[in-house]
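Me: I would like to go through some terms used for a fold and see what each one rests on. Here is the entry.

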Amino acid sequence: MTVVIGFEGSANKIGVGIVRDGVVLSNPRRTYITPPGQGFLPSETAKHHRSVILTVLREALQQAGLKPADIDCVAYTKGPGMGAPLVTVAIVARTVAQLWGKPLLGVNHCIGHIEMGRLVTHANNPTVLYVSGGNTQVIAYSERRYRIFGETIDIAVGNCLDRFARVIKISNDPSPGYNIEQMAKRGKEYVELPYTVKGMDVSFSGILSYIEEAAHKMLGTGQCTAEDLCFSLQETLFAMLVEITERAMAHCNSQEVLIVGGVGCNLRLQEMMGVMCKERGARLFATDESFCIDNGAMIAQAGWEMFRSGHVTELSDSWITQRYRTDEVEVTWRD
Amino acid sequence: MATTCNEDDHKLGKLEFSLLVPFPSSREASIALQSLSPDREPRKGGISKELSAAGNALSVKWTADEARILRVSVGSFLDHLALVLETMEEFGPPVTL
């Protein structure tokens, strides 16, 4: 039996999860929610994480019914993400690893999402669409790397949605993306937006600028509703994501798609991806918000795989990094 | 906790700040050192920070060009130090190796 505790705090969620041989024993989490119209900034987010991390850690141990002595390895997010929140979480991980006399393990956040998705859905060798507030990538596994087939050339899809939510003052509670999804269901008119797929890559910043301007003009004059804009934005962004995912599947001869990351719990995205999969005779795998959205268990799960295949991180090498690409990690735990 | 600040290094024109933090034992001092030293200063130039442990104390020494930069670095270090101390209080004492 191998028990790994995982610490995650690269963005506005702070989570601590414990995994024992493929079973999630606990996975408590807190979210830093900002007022409508405001995003989360690094230092305030770090302050939030700092104020709750020890409580979340206590909860993780209590809910799992474990003592520190039962843990085999302490995993934490090394990057990518926001510097200040990453440091806050890494400091606690380093301290408890030393207090408890356990090895430490730095985990790539993106790898955490992929391994958690594989564990929960039992997808074998899927083409992965990783979509969140900070990342947008189409990934396929080949020869010991999660290789990036396509990605955003500017902002992440979740960032595009979040920033649009700020423009029209949609609530950030529980998340701007969730609220856009609910409003989109009531949208009636499709407002045409730029569609910017560039080969295997996508671009969202121009769409954001366009819809910001459209919002100011059209909402004032009553030409369309906020719901129409939410609907139009989702349809456009998700169609682009489905297109590049399908192209990656064709390249790799893949019959499975796994959607991970915070935007991955959007049911409209899952529905659109499902239609494409059905047409190709492929299978779609997705998870709900407990595992799609950043959480500690995903870091524990990737850490479990890494630890079992012999990885540990020396304290002197345990620095965090804001940039850390998915394909930098050698995947030693898969064939 | 003992602090000193001297600006008398006129030749270099640098600000210096040093901090001494006592711990219950050398083990805790070493844990704090290893928890706080891996991450480099986010700023590229204008400041350097050196951490070391001697006996049961953690010692930190800053050299900076400007007081503004020094204040930010010391402030953030103290926040991180407080987090380490709280973590030790709640999840310590360290196991015997």
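This is a predicted model: local features need pLDDT of at least 70, side-chain atom pairs count only at pLDDT 80 or more; totals for chains, interfaces and linings use all residues.

Me: Why are α3(A) and α10(A) called roughly perpendicular?

Reply: The axes of α3 (residues 109-121) and α10 (residues 296-308) of chain A cross at roughly 85°. The term covers angles of 65 to 115 degrees, so α3(A) and α10(A) are roughly perpendicular to each other. Their axes come within 8 Å.

Me: What makes the contact between α3(A) and α10(A)?

Reply: Contact requires heavy atoms within 4.5 Å. On α3(A) the residues include His109(A), Ile111(A), Met116(A) and Leu119(A); on α10(A) they include Ala297(A), Met298(A), Ile299(A) and Glu305(A). By class, the contact residues are seven nonpolar, four polar and two charged.

Me: Why are β9 and β13 of chain A said to stand at the edges?

Reply: The open sheet has five strands in the order β9-β8-β7-β12-β13 (chain A), and its pairing is mixed. β9 (145-151) and β13 (283-286) each have a single partner strand, so one side of each is left without a neighbour in the sheet. From one strand to the next, the twist averages 25°.

Me: How do you know that β8 and β9 of chain A pair?

Reply: Pairing takes at least two bridges. β8 (residues 136-142) and β9(A) have six, in the antiparallel sense, so they count as paired. One of the bridge partners in β9(A) is Ile148(A), facing Ile139(A).

Me: Which strands of the sheet does α3(A) touch?

Reply: α3(A) packs on the sheet and touches β7 (127-131), β8, β9, β12 (256-260) and β13 of chain A. The direction of α3(A) makes about 125° with that of β12(A).

How values were computed
Residues are numbered from 1 along each chain as its sequence is written. Chains are lettered from A and ligands numbered from 1 in the order in which they are written. Side-chain values use heavy atoms; hydrogens and water are left out. Axes are lines fitted to C-alpha atoms, for helices over the stretch in contact, and angles run from 0 to 180 degrees between N-to-C directions. Helices (H or I, at least four residues) and strands (E, at least two) are DSSP runs, numbered from the N terminus. Angles under 35 degrees count as roughly parallel, over 145 as roughly antiparallel, 65 to 115 as roughly perpendicular and the rest as oblique. Ala, Val, Leu, Ile, Met, Phe, Trp, Tyr, Cys and Pro count as nonpolar, Asp, Glu, Lys and Arg as charged, and the others, Gly among them, as polar.
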